[in-house]
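Please keep the sequence and the coordinates at hand while reading.

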Amino acid sequence: MGDAKILISGASVAGPALAFWLNRHGFDVTVVERAPSLRPGGQAVDLRGTAKEVARRMGLDERIRAACTDSKGETLVDRNNRTKATLRADDLGGDGLIAEIEILRGDLSEVLYEATREKTEYVFGDRITALDDGADGVDVTFDSGSRRTFDLVIGADGLHSGVRALAFGEESRFVRHLGAYLTFFTVPNHLGLQDWALGYNDVGRSAGIRGIHDGKEAMAYFGFAADDIEYDYRDVEAQKAMVRRFASGMEWEVPWLLEQLDDAPDFYFDSCAQVVMDSWSRGRIGLLGDSAFCPSPLSGQGTSLAFVGAYVLAGELAADFDNGLERYEAVMRDFVEKTQAMGRANAKTVFAKSRWAVRAQHLALRAMHLKPIAALVSRKMQDVVSGIDLPDYTTTPHRI
Ligand SMILES: Cc1cc2nc3c(=O)[nH]c(=O)nc-3n(C[C@H](O)[C@H](O)[C@H](O)COP(=O)(O)OP(=O)(O)OC[C@H]3O[C@@H](n4cnc5c(N)ncnc54)[C@H](O)[C@@H]3O)c2cc1C
């Protein structure tokens, strides 16, 4: 089955990473992306633990590191800009709250796209509107009107996956809100931040800013604790109004950051949610990355799961095409569940419920610089981020 035709929906992280490994194993790969071109933007995403080993096996380690944010750490401040705690990228062996490999999502997407574009057919500005899993393959209808047949279709199209909706059922059956929202947007670097970030925690909400692209600009973020809100995730203006409402009355740099919202060249807003499914495949249709098992940004592991999942899915398909989807799930399930448990635990503590809790957060972060506490936290972290034995697929039959 080395030349089987595989369609991937979504060209962010999971999609191009899967295309990379499928190309390596000799499959014929098409990626369809709804956006008209690669989507820029997004805050920094992280690679930790086993995902760093996958990047090494891809041979992209250097290119990814070269495109990293170069972030050396973050200072948490109070409303008067006084330092309350400091986090460093080399804390906890590089896999801490600020990870050693931290890269803007759009930049990572670009690295993966460049590494795959020669051997992959990319179709931008289109999406799947119907899937019919029949005896001779999966018949796919696209929004553009074209129809094609593939041996396998993989949804790597994120939290609001179109493939999941078509093949498995409506989003509300699988997406679990964790009681928080996050937003990111680019702003002028008025504080002259280079390789450092500033963060400000308030009761039930937080804000921050970091220098990006060698300090030429900065990325602002806000986080808010809030119950599930009905909103159109494509209506950017309504989301910006929501951010203004949530952040009203916050001090520190927040009033200035809110003034920049209208002119922001990019804007990302989403709920902190997890995707929980009994199975990630049905017939010849499978899911990968956030569409299958989003652990939420509060786990800091969405990109790492997508990376490891792409490697395992392609390897298992190469080893046994007919049973590859089930085998991929068997290898990944435990790793995913541990990661999602960490995401849920973080959701309970990340937004302080009182002024006292804000102080306790600062204290806990300062305590992490004590050696015995750092060792304990590091061990617990590694149990999760390196919590999978990476199979070696270099001896599978379709290796190129
Ligand atoms: C613009 C953007 C900004 C992000 N910013 C952050 C961030 O700051 N911090 C963070 O932790 N995580 C962020 N994420 C999520 C993060 O990228 C993922 O958690 C992780 O990298 C796993 O990626 P994924 O490829 O599975 O999903 P995603 O990165 O969500 O990518 C899904 C892709 O599928 C495309 N798509 C969606 N629907 C369809 C469809 N019907 N047909 C075809 N294509 C479709 C989307 O345009 C997107 O390119 C962001 C995602 C996006 C799209």
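## A helix and its expected length

The model is a predicted one, in which local features need pLDDT of at least 70 and side-chain atom pairs count only at pLDDT 80 or more, whereas totals for chains, interfaces and linings use all residues. Residues are numbered from 1 along each chain as its sequence is written.

## Overall form

The secondary structure of the protein amounts to 12 helices and 18 strands. A compact globule of 400 residues would have a radius of gyration near 21 Å, and the protein agrees with this, at 21 Å; the radius is taken over C-alpha atoms, and the globule rule is 2.2 Å times the number of residues to the power 0.38. Along the principal axes, the C-alpha atoms fill a box of roughly 65 × 45 × 35 Å.

Among contacts in the protein with a separation of 6 or more, 70% are between residues 24 or more positions apart, a contact being a pair of residues whose C-beta atoms, placed from the backbone, lie within 7 Å. Of the 400 residues, 46% count as buried. A residue is buried if 20 or more other C-beta atoms lie within 10 Å of its own, exposed if 12 or fewer, and partly exposed in between, with C-beta atoms placed from the backbone.

## The nonpolar core

The largest nonpolar core has 108 residues, of which Leu18, Val153, Leu288, Phe307 and Ala310 touch the most other members. Helix H9 (residues 302-319) supplies the largest share of this core, with 11 residues. Such a core is a set of buried Ala, Val, Leu, Ile, Met, Phe, Trp, Tyr and Cys residues joined through C-beta atoms within 7 Å. In soluble globular proteins, nonpolar side chains tend to be buried together.

H9 is largely enclosed by the rest of the structure, because 17 of its 18 residues are buried. Leaving aside residues up to four places away in sequence, Val153 touches Leu7, Leu131, Val138, Val140, Val163, Arg284 and Ile285.

An open sheet of 6 strands runs in the order E7-E2-E1-E11-E18-E17, with mixed pairing. Its edge strands are E7 and strand E17 (281-282), each of which pairs on one side only. Strands E1 (residues 5-9) and E11 (residues 152-155) pair in the parallel sense over 4 bridges, and Ile6 stands opposite Leu152 in E11. H1 packs on this sheet, touching E1, strand E2 (28-33), E7 and E11, and its direction makes about 170° with that of E2. Two strands count as paired if DSSP finds at least two bridges between them, and angles run from 0 to 180 degrees between N-to-C directions, with axes fitted to C-alpha atoms, for helices over the stretch in contact.

Helix H4 (residues 105-116) has 12 residues and reaches 17 Å from its first C-alpha to its last, close to the 16 Å expected. Its buried residues include Leu108, Leu112 and Tyr113, and the elements covering the buried residues of H4 include helix H1 (14-24), strand E3 (44-47) and strand E7 (120-124).

## The antiparallel sheet

A further open sheet of 3 strands has the order E8-E9-E10 and antiparallel pairing. Strand E8 (128-134) and strand E10 (147-150) are its edges, each pairing on one side only, and the twist averages 20° from one strand to the next. E8 is joined to strand E9 (residues 137-142) by 6 bridges, with Ile128 opposite Phe142 in E9.

E9 and E10 pair over 4 bridges, and Thr141 stands opposite Arg147 in E10. Their hairpin has 4 residues between the strands, among them Gly145, whose phi is positive, near 105°.

## Two positive phi values

Most residues other than glycine have a negative phi. Asp214, in the loop between strand E14 (205-212) and strand E15 (217-225), has a positive phi near 55°. Asp214 is exposed, with 11 other C-beta atoms within 10 Å.

Ser296 also has a positive phi, near 85°, and is found in the loop between helix H8 (290-293) and H9. Is Ser296 buried or exposed? With 28 C-beta neighbours inside 10 Å, Ser296 counts as buried.

Notes
Contact = placed C-beta atoms within 7 Å. Expected span 1.5 Å × (residues − 1).
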